[in-house]
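Thanks, everyone. I'll keep this short. Please have a look at the model on the screen.

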Amino acid sequence: LDVSYGGLSNDVFLMDYGFVVKGNRWDGVSVPFTTEMLVAAREVVGLGGTPFGDPDADPLNLKDDDIGTPLAEWQSQAISHV
């Protein structure tokens, strides 16, 4: 006798059926991004004033000149982990 629950992730199995499947190929994490979240993230890394999709903008403000701003040490460390 085979029972199939279909292609469900372990969070659905746990919440709906009370168990998880080891090595579940359908298991994953979905992270929704809202515009508000993206705007807040851009503020954190210092990109609040840079328009989305601007091909001429230095996206990480890495240039140390009259139009760019050097990164703070904490920003450099955060970006190095991305």
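How many aromatic pairs does the count come to? Six. Bear in mind that this is a predicted model.

Let me take two of those pairs. A pair of aromatic rings is described by the distance of the centres and the angle of the planes. Start with Tyr-5 and Phe-13. Their ring centres are 5.6 Å apart, and their planes stand at 90 degrees. Edge-to-face means over 60 degrees, so Tyr-5 and Phe-13 are an edge-to-face pair.

Now Phe-13 and Tyr-17. Here the centres are 6.1 Å apart and the planes are at 55 degrees, so this pair is tilted. Both residues sit in helix 1, four residues apart, which is about one turn of the helix.

What about burial? Phe-13 has 5% relative accessibility, so Phe-13 counts as buried. Tyr-5 is at 37%, so Tyr-5 is partly exposed. Tyr-17, at 44%, is partly exposed too. Step back, and Tyr-5, Phe-13, Tyr-17 and Phe-19 form one aromatic cluster.

Where does Asn-24 lie? In the loop between helix 1 and helix 2. Is Asn-24 buried or exposed? Its relative accessible area is 13%. The cut-off for buried is under 20%, so Asn-24 is buried. Its side chain reaches the backbone nitrogen of Trp-26 at 2.8 Å. Set aside the neighbours within four places in sequence, and Asn-24 is in contact with Leu-8, Ser-9, Asn-10 and Phe-13. So Phe-13 comes up again: a ring partner of Tyr-5, and a contact of Asn-24.

Val-31 belongs to a nonpolar surface patch.

Finally, the whole protein. Which secondary structure do we have? Three helices and zero strands. Along the sequence, the pattern reads α-α-α. There are 82 residues, and buried ones make up 12% of them. The protein exposes about 6,900 Å², with carbon and sulfur atoms supplying 59% of that area. As for contacts with a separation of 6 or more, residues 24 or more positions apart account for 8%.

How values were computed
Residues are numbered from 1 along each chain as its sequence is written. This is a predicted model: local features need pLDDT of at least 70, side-chain atom pairs count only at pLDDT 80 or more; totals for chains, interfaces and linings use all residues. Side-chain values use heavy atoms; hydrogens and water are left out. Patches are made of residues with over 30% relative accessible area and no salt bridge: like charges are joined within 9 Å, nonpolar side chains (Val, Leu, Ile, Met, Phe, Trp, Tyr) within 5 Å. Accessible areas come from the Shrake-Rupley method with a 1.4 Å probe; for residues, only the protein chains shown count as cover. A salt bridge is a side-chain nitrogen of Lys or Arg within 4 Å of a carboxyl oxygen of Asp or Glu. Helices (H or I, at least four residues) and strands (E, at least two) are DSSP runs, numbered from the N terminus. Buried means under 20% relative accessible area, exposed over 50%, partly exposed in between (1.4 Å probe, protein chains only). A polar contact is a pair of N or O atoms within 3.5 Å; within protein, one must be able to donate a hydrogen and the other to accept it, and residues adjacent in sequence count only if both atoms are side-chain atoms. Contact means heavy atoms within 4.5 Å. Rings of Phe, Tyr and Trp (its six-membered ring) pair if their centres lie within 6.5 Å; planes under 30 degrees apart count as stacked, over 60 as edge-to-face and the rest as tilted.
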